[in-house]
Amino acid sequence: MSNSLQAQKPSAYRWLMLILVSLPNFGTNYAQFQLSAFAADFMADLCLTTMQFSAVTLSFSVVAGIIGVCGGTLADRLGTRRVAVVLCFITAAASLGRLLAHSYAPFFLLSLFVGCGLGAVHATSGKIISAWFPQREASFAFSLYCAIGAAGISLAQLTSTLYTGYCQALLVSGLVLLLAAVMWLLFGRDAPKGTVLPPSQPVLKYISQVARLRNVWIVALCCALFSAFIYTVSTLLPTVLASTRAMDAATANSIAGMLNIAAIVGSVLIPPIQTRLGKFRPLLAALMLLAAAFTLPMAAAPDGLVLPLVCLLGFCVSIGCAFFMAILAGLSEVGTEYLGSAQGLVTLIHYVVGGFIIPSFVITPLVDISGSLLFVAAAVLCVLMTVGTLLLPETGQKGKK
């Protein structure tokens, strides 16, 4: 990593910055995926069809992707703190405003803007982590960022019984997002003291530069495949387990929640292995292939094996997005100057294609035909991520040497 973007000695403040970057990711996932736990009551009160419910749940990813491009580029010019503060407050307002929505249209529109803060912070996460963390800690920092986001999905599924209804759950998640905005306002910083940031350049120059880079597009597509995997499995697995195995809703939600719990464990345990190995590609490709191998048998596995397979799957895919982001941050053709814009482009593809288009228009129709096709589709996504991994250059420390 360039010395101009990193202080000589890492500051302990970097851990607070990592929490600030992760809070919008956690809060947005918590706000959106808790709706699945209250699907029956929520759909009945707002008179929603299944397709409308899916659109409401995943709509935040559309604005998150669009904001990602603008947010990443603006962060290169104006600083990450300004962009994050403004968009996180918009997110909190939209989330709390949903308490006043009693029909599909206003609820859907407000849900769109819940993705503002996530888009801005996700697009600048690579810039922030690269500025605050030394290279030897970068993959671990990216993994913790993704793990905290996964925790939002798990807690949404596992804590639904604590609320009397979805309105109370919406209030709590809105307050969490408001807390994220306030913390960015009070404690957010662009970079460590003494850091020399690269000079600002015209917006079009940033975008045109990264849009010509083949490896940026590969990372973007891999992140989209990862997002499609996580959102599809997290959203549809409880329904598929309930319909194909006659599980009650609480049990199905608990098993689905363990996917992300296992992912959190993997996010802590796998990065030290990568640091010791010094390379991303071999470990990432092997884990994605293992994830595909654990996914396919789920359709026909006995009930007693479903939970172990889900846990193994979550462990293997845990570092997918984190390692792709770390590879992006290490690309020599991107460097520190264009990293914000590069991650903005990746965020656009990540959330719009992976978070909305693939789950809504490719995988969900397949699952409507047969619940078993969920596991086939998920395994195919893991294999495609393996292919993308092998097409990327090695940016780990030993790989570069």
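Colleague: Which residues does F42 touch, leaving out those up to four places away in sequence?

Modeller: In this predicted model, F42 touches L35, L48, F53, V56, F107 and Y166. A contact here means heavy atoms within 4.5 Å.

Colleague: What is the largest nonpolar core, and which residues have the most contacts inside it?

Modeller: The largest nonpolar core has 132 residues, and F42, W184, V216, F229, V317, L328 and V334 have the most contacts inside it. Helix α11, residues 214-245, gives the most to this core, with 18 residues. A nonpolar core is a set of buried Ala, Val, Leu, Ile, Met, Phe, Trp, Tyr and Cys residues joined through side-chain atoms within 4.5 Å. Buried means under 20% relative accessible area, exposed over 50%, and partly exposed in between, with a 1.4 Å probe and protein chains only. A second, separate core of 5 residues includes A92, A94, V114 and L177.

Colleague: Why would such side chains be found together?

Modeller: In soluble globular proteins, nonpolar side chains tend to be buried together.

Colleague: How should I read the numbering and the values?

Modeller: Residues are numbered from 1 along each chain as its sequence is written, and side-chain values use heavy atoms, with hydrogens and water left out. As this is a predicted model, local features need pLDDT of at least 70 and side-chain atom pairs count only at pLDDT 80 or more, while totals for chains, interfaces and linings use all residues.

Colleague: What pLDDT does the chain average?

Modeller: The chain averages a pLDDT of 85, and 94% of the residues score at least 70. Over residues 1-7 the pLDDT is below 50, although this stretch has 23 contacts in the model beyond near neighbours in sequence. The pLDDT is the predictor's confidence in each residue, from 0 to 100. Where pLDDT is low, the predicted coordinates should not be read in detail.

Colleague: How many helices and strands are there in the chain?

Modeller: There are 18 helices and 0 strands. Helices (H or I, at least four residues) and strands (E, at least two) are DSSP runs, numbered from the N terminus.

Colleague: Is α16 mostly covered or mostly uncovered?

Modeller: Helix α16 is mostly covered, with 22 of its 31 residues buried.

Colleague: What span should it have, and how far apart are its end C-alpha atoms?

Modeller: At 1.5 Å a residue, the 31 residues of α16 (residues 339-369) should span 45 Å, and its end C-alpha atoms are 42 Å apart, which agrees. The expected span is 1.5 Å times one less than the number of residues.

Colleague: Where does α16 bend?

Modeller: Helix α16 bends by about 50° at I358, and a proline, P359, follows within four residues. The bend is the angle between axes fitted to the seven residues ending at a residue and the seven starting there.

Colleague: A new topic: what is the phi of C47?

Modeller: C47 has a positive phi of about 55°, although it is not a glycine. Most residues other than glycine have a negative phi. C47 is in the loop between α2 (39-46) and α3 (50-58), and at 64% relative accessibility it counts as exposed.

Colleague: And where is P297?

Modeller: P297 lies in the loop between α13 (281-295) and α14. P297 is partly exposed, with a relative accessible area of 38%. P297 and F375 are 78 residues apart in sequence and 8.0 Å apart in space, C-alpha to C-alpha.
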